[in-house]
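The report below describes the arrangement of strands, helices and domains in one model. Please read it alongside the sequence and the coordinates.

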Amino acid sequence: MQSVSKEYNGNPVLKDVNFTLKEGEVLGLVGENGAGKSTLMNILFGMDVIRQTGGYGGRILIDGKEVKFASPLDALKAGIGMVHQEFSLLPGFTAAENILLNREPENKSVISLVFGQRANTIDRKTLQKKAIDAITKLGVSLDPDMLVSEMPVGHKQFTEISREISKSSIRLLVLDEPTAVLSEKEAEMLLKAIKNLSAQGISVIFITHRLQEILDVCNKVIVMRDGRIINELDAAKTSIQEMAKLMVGREVASSSREKEERKLSDSIIMSIRNLWVDMPGETVKNVNLDVHKGEFLGIGGLAGQGKIGIPNGIMGLFPSGGSVTLNGKNIPLGDTRACLDSSMAFVSEDRRGVGLLLDESLEWNIAFPAMQIQNKFLKKYLGGLVKWRDQGAIESVTKKYIQQLQIKCTSSKQKAKELSGGNQQKICLAKAFALEPKLLFVSEPTRGIDVGAKALVLQALKQYNRELGVTIVMVSSELEELRQCCDRIAIVTDGAISGILPASTPSEEFGILMVGKSMKEAK
Amino acid sequence: MNGKKTIKDFFNLSFYVRLAVILLVIILAVFLYHYGKQHTVYIDNRTIEIDGVSYKALEWAEVSVDGGDASEYSPRTRREATVQRQKHTIHVVYEDEDFNQFEIETEFTVPLNETQVVLSLPALVAGLDDSQYITQFIPMAQQLGINVGGGAAAAAEEIPTEEDMFGDMTADF
Amino acid sequence: MKKEIDIKKFLANNIVPIIFIVLCLICIPLAGYSGQYLVSQIITRIMRNSFLVLSLLIPIMAGMGLNFGMTLGAMAGQIGIIFITAWNVVGIPGLLLAAIIATPIAALLGWFCGKMLNMAKGREMITSYMISFFMNGVYQLVVLYGMGPVIPLHSDQVILPRGYGVRNTIDLINVRQSVDNFWSLTIAGVKIPLLTIILIALLCVVIVWFRKTKLGQDMRAVGQDMEVAREAGIKVERTRILAIVISTIFAAYGMILYLSNMGTLNTYNSHSQIGMFSIAALLVGGASVSRASIKNVFLGIILFHLMFILAPQAGRELMGQAQIGEFFRVFISYGVITLSLVLYEIRERREKAESAKAIADQQKEERA
């Protein structure tokens, strides 16, 4: 491989990206979420998404020749293999079967002339041999006869990588956060394996959030931010701090924010101990966290590290365990109703799925939970036997929130699905406000809404917190957003809290926390 | 691999083998039809008139089909023999009015699509062709134009009902 | 401690067969049948039904659940049988011919069913069930009105006296037990039809062989995770259709064997019962929606039919009414299907919860 270079113009996601990769070189690719890493790799891999959204600009050169992949299959043929973050393995198959999935060696037989190629039986012996070859090439210990479902995560990852390198033409391997799910020991083995591969002349693009690993194995580091390559560094000469700073970017001076240091109340409203949540892609492993009364706590961290899992687990939307106490009372986990009854509310990141009744009117959306849970907006007749909806009260409450949150709508009777994303998000907030909770969880409130709406939503949350003294826990991937309105920010890494810092702390320090290093180690 | 199939790809060895197998199965089916089809031959010993010529019933006869058990026939006897396949041999020993014994062995072919045929012994003995001494079996009632089992009886015949169609689970199985 | 858990797990995983074994054990002395009678009955029923039940295995392998659409195969088999009876083709050649006629019909119906099921991924069972009802209507139309005027069949044995439509019941005297009687042994008063056994053993071998083929491997892959299989380049839709086609064709052959053993054809309802009973038998053998083996097939047939034989007699002895037993066995077979479906869901959920907990525990240990 002589050179891979790519230019990408006109699309705000990726701007003018250039880099080259030599044979056997290990390239580290780092950047915050949304920096454009995945888009870049999707282009390289010829994914359908790219073509459907209008292709890309610029050129990719392999061995000096321009290539254009129409599908991942073409990319595979050209010798590019990719290991995704999510495993694509069959749990009931052994490692060997998975490694050679759909490329099984076959015994030719006469029957296949009648019933087609697929009537050939599989040559188990050769299959076994080929799988072992791939595993040895990778240089790890992996039992080819082990069922994937019985494997520890690390072995699954090895199986996945073995599958890519068992393809004879493989020359470039893209690893998308391979170590995110691994324990330290397994990660070490993987890094060794990467070095092995590079020694055999296979180039590797290594995407990770653990900067130490970059230092360990890479020859070269590319730091991306906002769709640009910010810097290309020689891995031997850089440091974690330098990378972290480049990654988080946005020179601290650029944001002129009023820094209001508030005195936090000493009383703890909620304390979380040893929380684990089994939420796919956002596994929480062991979270300990105290939330003070009346504070605005931010939970940040990179995608997939588990920050979204925390509120979802506490509110009982996914299987979870551990102990959570609210005002000294134990909250049964996995019981949404109990959570709501104890004056907690949750604005989900999945507003279309969990948050809204899309086919119902705004007022119904806003009033429904409050009516259901707290018997609000109900008129009682016959000593409570017959309950009647109090239409007047519902309307006035809805109007109040529409005004307060500046929800753009034709009337309070409009259907929720007709609103824009930002306005839907506001409805979700209004719904939670209508419950008048003591503690409010907000998950990714600004995801997928435009800048103006973002400011409004954040403003509303801040106001709600400051004026009514409601404790708010906000989960967001955008650090800046958290720094704008929170008192303290907890960073979640690898399913656990890696540190809690006041919002006024410089962003580099958050950056370092995000990549899984405690302050001490980095220094 | 995902290239377009050319005509050449289509007519490969596998195609011919498949074609051969399909043909073989069709031939087998035709063969099975011939081989397995059961015909009921009513061997009939009564006076019969064919093309204006009258053939008188045999006084006594002993008949065996395909070397099976022989059975005796006197005038106006009709016995049935069930056979498979089309070609059969029939062995007839008979006596005329003067008690002279004759023996005939001949082959006959049952028309393929007839399940029931009448074989006339007198005509056979007279040396007629098998297309003449074998005739289609027509039930007596139909011959005489009587509607036996038709009409009211047919109306009463079980026409499938709703219950039959959706089955009751209590039936044996 | 560990052993205790194993026993508990074993019980939980095999609850259906265990219930049946207990029921049978209770019923055997009640019914008071002789051992010889029971054994010969069981052998007859294994011969009669195993081909049909075996045909269910392949779609389960491909992750498509219980193929209620096997009814379609049964219809194809019946059409084959109707033809050979009308043509008066007898004996083993007749049955072979029926199989040849049924094959393309079954393949076509299976292909259609597979296409439909691909449009309803994740809801295969209810869809295939409904398809079987729908195709039942088409079958009725063809058999009741098409045979005679459109499809030329002129046999008094088969066609109603009115000139079109097939009779309610057809006597299959000409093919009755021709396979069973072709070559059989009698041991201690029990007739053992060797040719049938060979045929069934052959199908078992075919199924074992099939699992080892590329197609079989693909089916297992598709059954576990369609998306992963697709990413690996396996043609998921085609593989699923093939699974149903193969199952339907085997079901057609199974139906032909079944009818030849029974000796009569209930034109309008043999097939609709057969699907339900075959599935119930398989489930009784300890199979689930996602896992079934040849062992389940035979155990299932033995237990389910033992119940079938014993229940009416036990009912008579116990209540003085055979009707009670009849009623009992019908409701049991529906109950078994329901129970298995529910148990499957429960088990899935429990396993998921357990694995989540195991991961959490493991990580806790790592941290400690």
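Predicted model: local features only at pLDDT ≥ 70, side-chain atom pairs only at ≥ 80, totals over all residues.

Residues are numbered from 1 along each chain as its sequence is written, and chains are lettered from A and ligands numbered from 1 in the order in which they are written.

**Domains**

Domain bounds here come from an automatic or database domain assignment. For chain A the assignment gives domain 1 (1-79 + 172-249), domain 2 (87-168), domain 3 (265-343 + 437-523) and domain 4 (354-435).

**Sheets of chain A**

Helices (H or I, at least four residues) and strands (E, at least two) are DSSP runs, numbered from the N terminus, and two strands pair if DSSP finds at least two bridges between them. An open sheet of six strands in chain A has the order β4-β7-β8-β1-β9-β10, with mixed pairing. Its edges are β4 (80-83) and β10 (228-234) of chain A, each with a single partner strand, so one side of each is left without a neighbour in the sheet. Direction ignored, neighbouring strands of this sheet are turned by 20 degrees against each other on average; axes are lines fitted to C-alpha atoms, for helices over the stretch in contact, and angles run from 0 to 180 degrees between N-to-C directions.

Helix α1 (residues 37-45) of chain A packs on this sheet, where it touches β1, β4, β7 (172-176), β8 (203-207) and β9 of chain A, and its direction makes about 140 degrees with that of β4(A). The helix α8(A) also packs on the sheet, touching β1, β7 and β8 of chain A, with its direction at about 150 degrees to that of β8(A).

A further open sheet of six strands in chain A has the order β16-β19-β20-β13-β21-β22, again with mixed pairing. Its edge strands are β16 (344-347) and β22 (496-502) of chain A, each of which pairs on one side only, and the twist averages 20 degrees from one strand to the next. Helix α19 (residues 507-514) of chain A lies across β13 (296-300), β21 (488-493) and β22 of chain A, running at about 30 degrees to β21(A).

| Strand pair | Sense | Bridges | Opposite residues |
|---|---|---|---|
| β1(A) and β9(A) | parallel | five | Leu29(A) and Ile222(A) |
| β16(A) and β19(A) | parallel | four | Val347(A) and Val442(A) |
| β2(C) and β3(C) | antiparallel | four | Ser184(C) and Pro193(C) |

The strands β9(A) and β10(A) form a hairpin with two residues between them, and Asp226(A) in the turn has a positive phi of about 50 degrees.

**Chain C**

In chain C, β2(C) and β3(C) likewise form a hairpin with two residues between them, with Ala188(C) in the turn at a positive phi of about 50 degrees.

Helix α3 (residues 35-54) of chain C packs against helix α9 (residues 194-212) of chain C at an angle of about 15 degrees, with their axes 10 Å apart. The two helices α3(C) and α9(C) are therefore roughly parallel to each other, a term for angles under 35 degrees, whereas 65 to 115 counts as roughly perpendicular, over 145 as roughly antiparallel and the rest as oblique. In this contact Met47(C), Ser50(C), Phe51(C) and Leu54(C) of α3(C) meet Thr196(C), Ile200(C), Leu203(C), Cys204(C) and Ile207(C) of α9(C), which by class makes seven nonpolar, two polar and no charged residues.

The axes of α3(C) and helix α13 (residues 270-284) of chain C come within 9 Å and cross at roughly 85 degrees, and that makes α3(C) roughly perpendicular to α13(C). Asn49(C), Leu52(C) and Val53(C) of α3(C) make this contact with Ile274(C), Ser278(C), Ala281(C) and Leu282(C) of α13(C), and the residues divide into five nonpolar, two polar and no charged.

Technical notes: Contact = placed C-beta atoms within 7 Å. Nonpolar A, V, L, I, M, F, W, Y, C, P; charged D, E, K, R; others polar.
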